[in-house]
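Good morning, and thank you for the time.

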Amino acid sequence: MSAENTFEPTIIGFLCNWCSYAGADLAGGSRKHYAANVLPIRVMCSGTVSPHHIVKAFQMGADGVLVTGCHIGECHYLKGNYMTAKRIPVVKELLSFIGISPERLMLDWVSASEGEKFARVVTDFSSKIKALGPSPLKERVHGRAKEESKASA
Amino acid sequence: MDYKTVLTVCPYCGCGCGMYLEVMDGKVTGTLPSMNHPISEGSLCIKGWNAHEPVHSPKRLTKPLVKKDGKLTEASWDEAIGKVASELTRVRDQYGPNSVAVLTSAKCTNEENYLMMKLTRAVIGTNNIDHCARL
Amino acid sequence: MEELKKKAKQALDEGKIDGFLGLKLEGGEVSPFFVTKDNLAELEKLTAPDGRYSLGKILTRIAVKNPGKNIGVMVRGCDERAIIELVKASQLGTVKVEQYGVACNAKTAEKCNCPQPFPSHIDFGEKAPGVEHIELLTRLEGLTPEARLDYWLGQFSKCIKCYGCRNICPVCYCKECTLEDKNLVPGGIVPPATPVFHFIKAMHMADRCIDCGLCEETCPSNIPLRTIYRHMRKAMHDLFEYVPGRAAEDKSPLGALEEGGRLVH
């Protein structure tokens, strides 16, 4: 009998303003139940989410990073999500090579009307991260990250 | 339309990494490591990589400055050196030789550092002498 | 080399080029040098040694100060790939570049661990076979993620933040470098923000690295940087069939605002 997994992951979610964040609002407004592990950050377009933001999130102690944007062809800025779709697989490759599971980074498309999908994506991803356990970077460098952010303040 | 590289040694610490200063139209504009140098083997530290920066910096001192009425004002070399000598003498005589400490620099030559050591021990009369590379 | 010296001298005399950038051997030392009509005698020292410098990068610095000129460059395999990337990034638009292709010999190719020790157009030298020792890359790819993370964090902890990898890289041209961004890489701490510092460089190298190996050569801490960037190059090839330094007409998928890529879960 395995011990109950009491680990609650911290997931940073980059949600695009026009579709995903609205979808998240709809999920809340419709009183959908979903995991409370995602800390949402509203960005104007998923294409503005840089690899720098993603790795910084991991370095600061995130166990997982979720990036959601408009569906392909529906980007408010026309082609922003094309950049995201190309960029995220490359980031995953680098994460994997460094030794951080690429499954800790997820990209999905959530439109403004997909409140239910948002709830499902968040819950599923949270379960996945919970099963993966705390980020290996956390124990090794998180302490230093705190020291670094104090130094830069 | 002039570009050349000048082989030299990094002026900072005692390592003595080999480097090239890039000179463009008479101005020192950059630094390259000496890739097959027997000591540094093509590496430089951050100080070495930026050794070219102070050369043409507008912040460089061009004349001796002496503090008069709380403000640094331009002075002659004689006045500046005279002031240093008289003040060091005054402090040594008033508070004793061990109230003076001397810190030399890797940017000085070995001979200059030797002179500083002699000045500190024989003239000022203290052994409070150290070198920036030890820090 | 004698033929190249003659050809360069002729081009300078005829005014076909205003200056020639190459490597010289002087007093046992190899260094970059620039020849114009005013110092033609210097051409005698021209050499294609084992040692390398980022001639492409030096070319950009000369180009900025001398717009409108024609500049001849001695290009070996790595130099040509660097120039292709710099042209793509509009870093050499102000001058006309005349390339004198020199093929490296087998000894140099082995020393540089170079898969393509010759430019696409060879004016001088005999083509030698490419060399690709990827033992470390293969070994790391075979490790478990935990072991890999241990390995890389150990390597990154040696970093002294000299910025040598960035300074010597022929395709690092940004005036405002992300590695100096205080929010990502706080100042005053060594080793620098781990693994953020190296992650940033690796992501920027993914679609730019031309596999010259100068970064690894100059690193005072012997961090196997080239291995990371080689992995990224492989990823770019597998995902998008994109190879930096192959052709000036290629557009990096990470920069071009167009379709590509796919959802990955």
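Let me begin with a term: two strands are taken as paired if DSSP finds at least two bridges between them. Please bear in mind throughout that this is a predicted model.

With that term in hand, consider strand β1 of chain C, residues 19-26, which is joined to β2(C) by seven bridges. These two strands run antiparallel. Within the pair, C:G22 has C:F33 of β2(C) opposite it.

This pair belongs to an open sheet of four strands in chain C, with mixed pairing and the order β2-β1-β3-β4. Why is one side of β2 and of β4 left without a neighbour in the sheet? β2, residues 29-35, and β4, residues 96-101, stand at the edges of the sheet in chain C, and each has a single partner strand, so one side of each has no neighbour there. From one strand to the next, the twist averages 30°.

Which helix lies across these strands? In chain C, helix α2, residues 55-65, lies across β1, β2, β3 and β4. The angle between α2 and β3(C), the latter being residues 70-75, is about 170°.

Let me now step back to the chain as a whole. Chain C holds ten helices and four strands. Read from the N terminus, its elements follow the order α-β-β-α-β-α-β-α-α-α-α-α-α-α. Its radius of gyration is 20 Å, close to the 18 Å given by the globule rule for 265 residues, so chain C is as compact as a globular protein of that length. The C-alpha trace spans about 60 × 40 × 40 Å along the principal axes of chain C. Of the 265 residues in chain C, 46% are buried. Among contacts in chain C with a separation of 6 or more, 64% come from residues 24 or more positions apart.

Two packed helices are described by the angle between their axes and the distance between the axes. Helix α3 of chain A, residues 80-98, packs with helix α10 of chain C, residues 225-240, at an angle of about 145° and with the axes 10 Å apart. The crossing of α3(A) and α10(C) is right-handed.

Which residues meet here? From α3(A) come A:P89, A:V90, A:E93, A:L94 and A:F97; from α10(C) come C:I228, C:H231, C:M232, C:A235, C:M236 and C:L239. In this contact of α3(A) with α10(C), nine residues are nonpolar, one is polar and one is charged.

Terms used: Residues numbered from 1 in each chain as written. Chains lettered and ligands numbered in written order. Predicted model: local features only at pLDDT ≥ 70, side-chain atom pairs only at ≥ 80, totals over all residues. Axes fitted to C-alpha atoms, helices over the stretch in contact; angles between N-to-C directions. Contact = placed C-beta atoms within 7 Å. Rg over C-alpha atoms; globule rule 2.2 N^0.38 Å. Buried ≥ 20, exposed ≤ 12 C-beta atoms within 10 Å, placed from the backbone. Left-handed = near helix turned anticlockwise from the far one by under 90°. Nonpolar A, V, L, I, M, F, W, Y, C, P; charged D, E, K, R; others polar.
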